[in-house]
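Dear colleague,

I am passing a structure on to you below, and after it you will find what came out of looking through it. Please keep the structure open beside the text as you read.

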Amino acid sequence: MTDLQFNSAFSENLVKEIQNYGVLNALEIERIQTSLHYNTLAKSHFLFQSGSKCATIYFILNGCFQLYQKDFNGNKRIKQFAFDGCWITDFKAFHQRSITNFELQALENSTYLALDYETYESLTREIPVFSNYFRKVYQEFFILCQELFFATIQNDGKGRYLYLTEKYPTLLQRVPLYMLASFLGVTPVLISNIRKQIFKEPKS
């Protein structure tokens, strides 16, 4: 199998998704596929760590990642989880080509496609369909962040937990309880108590 065939096999579904936003010709498809680099990462390993330059955006083929930073006391603050079919990076550092304050760590053995900043810029500038696709990616990401922000400020710990588990039930199966607590900004004990309360509540 050639390098092009190898990359094509892993990027095929992503290319089909991009084509939902317009028609790609054969040369554009080939260019996108050769720009995406397939790789694997073992559980607990990092794609980048705080203090490094963030120059790559990642598409998760299979796996789970956490994006977090540490506060002044050294406590981990999880900002985002990402699963199969998601793009993830430190978006601010990526677009500013700057040093990141975040850590991007695999929570499972994972496979992904990597796209560097220079190639990303070239593809979005020269292939309109690719640009349309990424505009949609950013729109959906913005909406997600906005929804999570309002869910956080409008609810107590129990409300935030219920919102998250109803909206994203996959989290319960793939993310440890203490990480979910960090993401919600509450303690693991509170999450445990909330779960006990829910189990005790009569079924309607």
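**Strand E7 and its partners**

Strand E4 (residues 65–70) runs antiparallel to E7, and the two are paired over four bridges, with tyrosine 68 standing opposite glutamate 103 of E7. Please bear in mind that this is a predicted model. Strand E2 (residues 46–48) also pairs with E7 in the antiparallel sense, here over two bridges, and phenylalanine 46 has glutamine 105 of E7 as its bridge partner.

**Helices H4 and H5**

The axes of helix H4 (residues 117–126) and helix H5 (residues 128–154) come within 5 Å and cross at roughly 110 degrees, which means that H4 is roughly perpendicular to H5. On the H4 side the contact is made by Tyr120, Leu123, Thr124 and Glu126, while H5 brings Pro128, Phe130, Ser131, Phe134 and Tyr138. Of these contact residues, six are nonpolar, two are polar and one is charged.

**The nonpolar cores**

The largest nonpolar core has 38 residues, and those with the most contacts inside it are Ile32, Trp87 and Phe130; H5 gives the most to this core, with five residues. If neighbours within four places in sequence are left aside, tryptophan 87 is in contact with several residues, among them Leu14, Leu36, Tyr133 and Phe134. There is also a second, separate core of 19 residues, which includes Cys64, Phe81, Leu164 and Val186.

With best wishes

Technical notes: Residues numbered from 1 in each chain as written. Predicted model: local features only at pLDDT ≥ 70, side-chain atom pairs only at ≥ 80, totals over all residues. Heavy atoms only, no water. Axes fitted to C-alpha atoms, helices over the stretch in contact; angles between N-to-C directions. Parallel < 35°, antiparallel > 145°, perpendicular 65-115°, else oblique. Contact = heavy atoms within 4.5 Å. Nonpolar A, V, L, I, M, F, W, Y, C, P; charged D, E, K, R; others polar. Pairing = 2+ DSSP bridges. Core = buried A, V, L, I, M, F, W, Y, C linked by side-chain atoms within 4.5 Å. Buried < 20%, exposed > 50% of the residue type's maximum accessible area, 1.4 Å probe, protein only.
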